[in-house]
Amino acid sequence: MTVVETLLVFAAAPLAVVLLLAALTLRPDRTRSRYRPGQPWEHEAVWYEPHAEHGPAAGHGGGHSGGHGGARPALEAGATGRPARSGGPLGGARGTW
Amino acid sequence: MTSFLQAESHDTATEATAPARVDEGTDHPDRIFSYRELARLDEALTMSSRETGLRFTLYIGDLGKATRARAEELHASSGGDPAESVLIAVSPGQRVVEVVTGAAAARRLPDRACALAVLSMTGSFAGGDLVGGLVNGLRQLSDQAGHPWRRPGH
C-alpha cells in the first residue's frame, strides 16, 4: 500500500463521507420556516373560511364537485370591504402561550 | 407541425375562484403552511361548520395592541351572520389567540368551553404546532357546540 493509497483510504474517504453528511444536514433550509414560539410573525394576515354547504362559489357552474373541493383552502386576503355587522353580545375566550 | 396545437392560455379564474387555486404556486411566495397543512385546516373548518351549523372562520395575523378589540372587529366583518359566527384569531407573533363567538353561537359555546379549547390550542402552539392546535381546537369547539336543533334546508 503506497502512501497515496493510505491517504486516500484513511483521509479522503472519511472526509468525503463527513462532507456529504454535513451537506445533507447543515444546508440552509430553503423551504418555508416552521413556526417556533417567540419568533416574529412576518406573514400577511390570512382568513380561512369554511366552504359553503353546497360547494364553493355557488352559482359558478356545477363542474366543481364537492369531493374535489375538499383540498382547496378558502383563503381570503383580508376583511376590508366587507360590511361590519355586530353579532350581539359577544362571548369567547383568550389565551396566550 | 404542432403549431396548430399551440393555443393561447387564458386565465379563467374569477374573483371568487382565483384565491382558491392551489395549482398556481408561483404567485404566492408568502406561504405559511404546506398544502397538506392547508388541507387539514380546510377540512377541520368545513366539517366543524357543517356539523354545527355555526360559521367557523380562522384569522392568522397580527392583532395589534388591543387584541380583543381587534378580534371583535374582525368577527363583525367576517362575513355571514355574525351572531352565528365563531372567529378564532391567532397572532403567532404576539403569542395570543382570541376566540370570539356571536350571540347565537355563544349560547351553544359557553365561554368556559371556549376557554378549554383555547387551552388546548395554546398547548400545541407553545410546542410550535400551529396547525395541530387549530385542528384540535376546532374539533373541541364543534364537539361542544353539537348539532343544531333543526338544520335549515334539511
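Ser48(B) touches Phe56(B), Leu138(B) and Ser142(B), leaving aside residues up to four places away in sequence. Touching, or contact, means heavy atoms within 4.5 Å. This is a predicted model: local features need pLDDT of at least 70, side-chain atom pairs count only at pLDDT 80 or more, and totals for chains, interfaces and linings use all residues. Residues are numbered from 1 along each chain as its sequence is written, chains are lettered from A and ligands numbered from 1 in the order in which they are written, and side-chain values use heavy atoms, with hydrogens and water left out.

Where does Ser48(B) sit? Its place is helix H1 of chain B, residues 35–52. Helices are DSSP runs of H or I, at least four residues, numbered from the N terminus. Ser48(B) counts as buried because its relative accessibility is 3%; buried means under 20% relative accessible area, with a 1.4 Å probe and protein chains only.

Now to the helix pairs. H1(B) and H5(B) pack at about 10°, with axes 9 Å apart. Axes are lines fitted to C-alpha atoms over the stretch in contact, and angles run from 0 to 180 degrees between N-to-C directions. So H1(B) is roughly parallel to H5(B), a term for angles under 35 degrees. Ser48(B) is among the H1(B) residues in this contact, and Leu138(B) and Ser142(B) are among those of H5(B). By class, the contact has 8 nonpolar, 4 polar and 3 charged residues. Ala, Val, Leu, Ile, Met, Phe, Trp, Tyr, Cys and Pro count as nonpolar, Asp, Glu, Lys and Arg as charged, and the others, Gly among them, as polar.

H5 (residues 130–145) has another partner in chain B, H4 (residues 111–126). Their axes come within 8 Å and cross at roughly 165°. That makes H4(B) roughly antiparallel to H5(B), meaning an angle over 145 degrees.

Technical notes. Helices (H or I, at least four residues) and strands (E, at least two) are DSSP runs, numbered from the N terminus. Buried means under 20% relative accessible area, exposed over 50%, partly exposed in between (1.4 Å probe, protein chains only). Angles under 35 degrees count as roughly parallel, over 145 as roughly antiparallel, 65 to 115 as roughly perpendicular and the rest as oblique.
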